[in-house]
Amino acid sequence: MSFFNVSTTKTTVDVLQACVPEVIISKEALIKMKLFIQGCNEEIGWLGTATRDNGMFTIHDVFLLEQEVHGATAELTTDGISKLLYEELATKENYDFILENMKVWGHSHNVMPVYPSAQ
(Lines give C-alpha, C1' and ligand atoms only; values in the text may rest on other atoms or scores of the structure.)
Protein backbone atom coordinates (compact mmCIF):
# COMPACT_ATOMS: atom_id res chain seq x y z
CA MET A 1 0.00 0.00 0.00
CA SER A 2 1.38 3.37 -1.04
CA PHE A 3 1.03 6.45 1.15
CA PHE A 4 2.03 8.84 -1.63
CA ASN A 5 0.58 9.41 -5.06
CA VAL A 6 3.35 9.73 -7.60
CA SER A 7 2.67 12.46 -10.11
CA THR A 8 3.21 11.63 -13.75
CA THR A 9 2.90 15.27 -14.81
CA LYS A 10 6.05 16.61 -16.41
CA THR A 11 7.04 20.02 -15.04
CA THR A 12 8.11 22.64 -17.56
CA VAL A 13 9.15 26.25 -17.31
CA ASP A 14 8.48 28.79 -20.01
CA VAL A 15 9.98 32.27 -19.94
CA LEU A 16 7.39 34.83 -20.87
CA GLN A 17 9.01 37.39 -23.14
CA ALA A 18 6.97 40.11 -21.44
CA CYS A 19 8.70 39.29 -18.14
CA VAL A 20 12.27 39.58 -19.42
CA PRO A 21 13.61 43.00 -18.42
CA GLU A 22 15.55 45.13 -20.85
CA VAL A 23 18.64 46.63 -19.24
CA ILE A 24 20.82 49.29 -20.80
CA ILE A 25 24.18 50.05 -19.22
CA SER A 26 25.80 53.38 -20.02
CA LYS A 27 29.27 53.25 -21.53
CA GLU A 28 30.72 55.02 -18.45
CA ALA A 29 29.13 52.52 -16.03
CA LEU A 30 30.26 49.51 -18.07
CA ILE A 31 33.85 50.77 -18.24
CA LYS A 32 33.88 51.36 -14.48
CA MET A 33 32.51 47.88 -13.73
CA LYS A 34 35.16 46.29 -15.94
CA LEU A 35 37.89 48.31 -14.19
CA PHE A 36 36.58 47.32 -10.74
CA ILE A 37 36.71 43.65 -11.70
CA GLN A 38 40.12 43.86 -13.40
CA GLY A 39 41.59 45.71 -10.41
CA CYS A 40 40.57 43.13 -7.82
CA ASN A 41 41.50 39.45 -7.80
CA GLU A 42 38.64 38.67 -5.41
CA GLU A 43 34.88 39.24 -5.57
CA ILE A 44 34.06 42.97 -5.46
CA GLY A 45 30.83 44.95 -5.20
CA TRP A 46 29.55 48.37 -6.19
CA LEU A 47 26.46 50.56 -6.00
CA GLY A 48 24.93 52.47 -8.87
CA THR A 49 22.15 54.64 -10.19
CA ALA A 50 19.36 53.38 -12.42
CA THR A 51 16.05 54.59 -13.77
CA ARG A 52 13.09 52.76 -15.25
CA ASP A 53 11.14 53.99 -18.24
CA ASN A 54 8.37 51.91 -19.80
CA GLY A 55 9.81 48.69 -18.40
CA MET A 56 13.33 49.45 -19.62
CA PHE A 57 16.04 49.88 -16.96
CA THR A 58 19.01 52.15 -17.58
CA ILE A 59 22.09 51.94 -15.36
CA HIS A 60 23.63 55.40 -15.50
CA ASP A 61 26.67 55.23 -13.21
CA VAL A 62 28.34 52.96 -10.66
CA PHE A 63 30.43 53.75 -7.60
CA LEU A 64 33.10 51.79 -5.78
CA LEU A 65 33.08 51.96 -1.99
CA GLU A 66 35.02 50.64 0.97
CA GLN A 67 34.10 47.00 1.59
CA GLU A 68 35.34 43.63 2.76
CA VAL A 69 36.28 41.47 -0.23
CA HIS A 70 36.93 37.74 -0.20
CA GLY A 71 37.32 34.99 -2.77
CA ALA A 72 33.60 34.25 -2.90
CA THR A 73 31.90 37.25 -1.24
CA ALA A 74 31.96 41.03 -1.18
CA GLU A 75 30.44 42.59 1.92
CA LEU A 76 29.46 46.25 1.70
CA THR A 77 29.79 47.81 5.13
CA THR A 78 27.54 50.46 6.65
CA ASP A 79 30.61 52.67 7.11
CA GLY A 80 31.53 52.27 3.44
CA ILE A 81 28.00 53.03 2.28
CA SER A 82 27.72 56.08 4.58
CA LYS A 83 31.09 57.44 3.49
CA LEU A 84 30.18 57.03 -0.19
CA LEU A 85 26.69 58.56 0.05
CA TYR A 86 27.26 61.32 2.55
CA GLU A 87 30.89 62.31 2.00
CA GLU A 88 32.26 61.30 -1.39
CA LEU A 89 29.15 61.88 -3.52
CA ALA A 90 27.68 64.79 -1.54
CA THR A 91 29.69 67.35 -3.51
CA LYS A 92 28.51 66.21 -6.94
CA GLU A 93 26.15 68.51 -8.87
CA ASN A 94 23.71 65.67 -9.50
CA TYR A 95 23.66 64.51 -5.86
CA ASP A 96 19.85 64.61 -5.62
CA PHE A 97 19.58 62.40 -8.72
CA ILE A 98 22.14 59.99 -7.27
CA LEU A 99 20.29 59.64 -3.95
CA GLU A 100 16.89 59.22 -5.61
CA ASN A 101 18.14 56.61 -8.07
CA MET A 102 20.68 54.59 -6.08
CA LYS A 103 19.00 51.30 -6.98
CA VAL A 104 21.83 49.12 -8.27
CA TRP A 105 23.91 46.70 -6.28
CA GLY A 106 26.29 44.75 -8.43
CA HIS A 107 29.16 42.44 -7.73
CA SER A 108 31.58 40.24 -9.59
CA HIS A 109 31.89 36.53 -9.09
CA ASN A 110 35.65 36.73 -9.55
CA VAL A 111 36.62 33.54 -11.39
CA MET A 112 33.37 31.72 -10.66
CA PRO A 113 30.66 31.25 -13.30
CA VAL A 114 27.69 33.61 -13.64
CA TYR A 115 24.62 32.49 -11.69
CA PRO A 116 21.98 34.06 -9.45
CA SER A 117 23.80 34.83 -6.22
CA ALA A 118 22.65 34.29 -2.66
CA GLN A 119 24.37 37.62 -1.94
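Are Phe 36 and Trp 46 buried or exposed? Both are buried, where buried means under 20% relative accessible area, exposed means over 50%, and partly exposed is in between (1.4 Å probe, protein chains only).

1. A word on the basis. This is a predicted model, in which local features need pLDDT of at least 70 and side-chain atom pairs count only at pLDDT 80 or more, while totals for chains, interfaces and linings use all residues. Residues are numbered from 1 along each chain as its sequence is written, and side-chain values use heavy atoms, leaving out hydrogens and water.

2. The aromatic pair. One aromatic pair turns up in a search of the whole structure. Its members are Phe 36 and Trp 46, tilted, with 5.8 Å between centres and 50 degrees between planes. Rings of Phe, Tyr and Trp (its six-membered ring) pair if their centres lie within 6.5 Å; planes under 30 degrees apart are stacked, over 60 edge-to-face, and the rest tilted. Because Phe 36 sits in helix H1 (residues 27-38) and Trp 46 in strand E2 (residues 45-53), the pair ties together parts that are ten residues apart in sequence. Helices (H or I, at least four residues) and strands (E, at least two) are DSSP runs, numbered from the N terminus.

3. The partners of E2. E2 pairs with E3 in the antiparallel sense over eight bridges, and Leu 47 has Phe 63 in E3 as its bridge partner. E2 also pairs with strand E6 (residues 102-107), again antiparallel, over five bridges; there Thr 49 stands opposite Met 102. Strands count as paired if DSSP finds at least two bridges between them. The hairpin of E2 and E3 has two residues between the strands, and Asn 54 takes a positive phi near 50 degrees in it.

4. Asp 61. Please look at this residue in strand E3 (residues 56-64). Asp 61 is buried, at 14% relative accessible area, and its side chain makes a polar contact with that of Lys 32 at 2.7 Å. Such a contact is a pair of N or O atoms within 3.5 Å; within protein, one must be able to donate a hydrogen and the other to accept it, and residues adjacent in sequence count only if both atoms are side-chain atoms.

5. Leu 64. This residue is also in E3, but is partly exposed at 37%. Leu 64 and Trp 46 are 4.9 Å apart, C-alpha to C-alpha.
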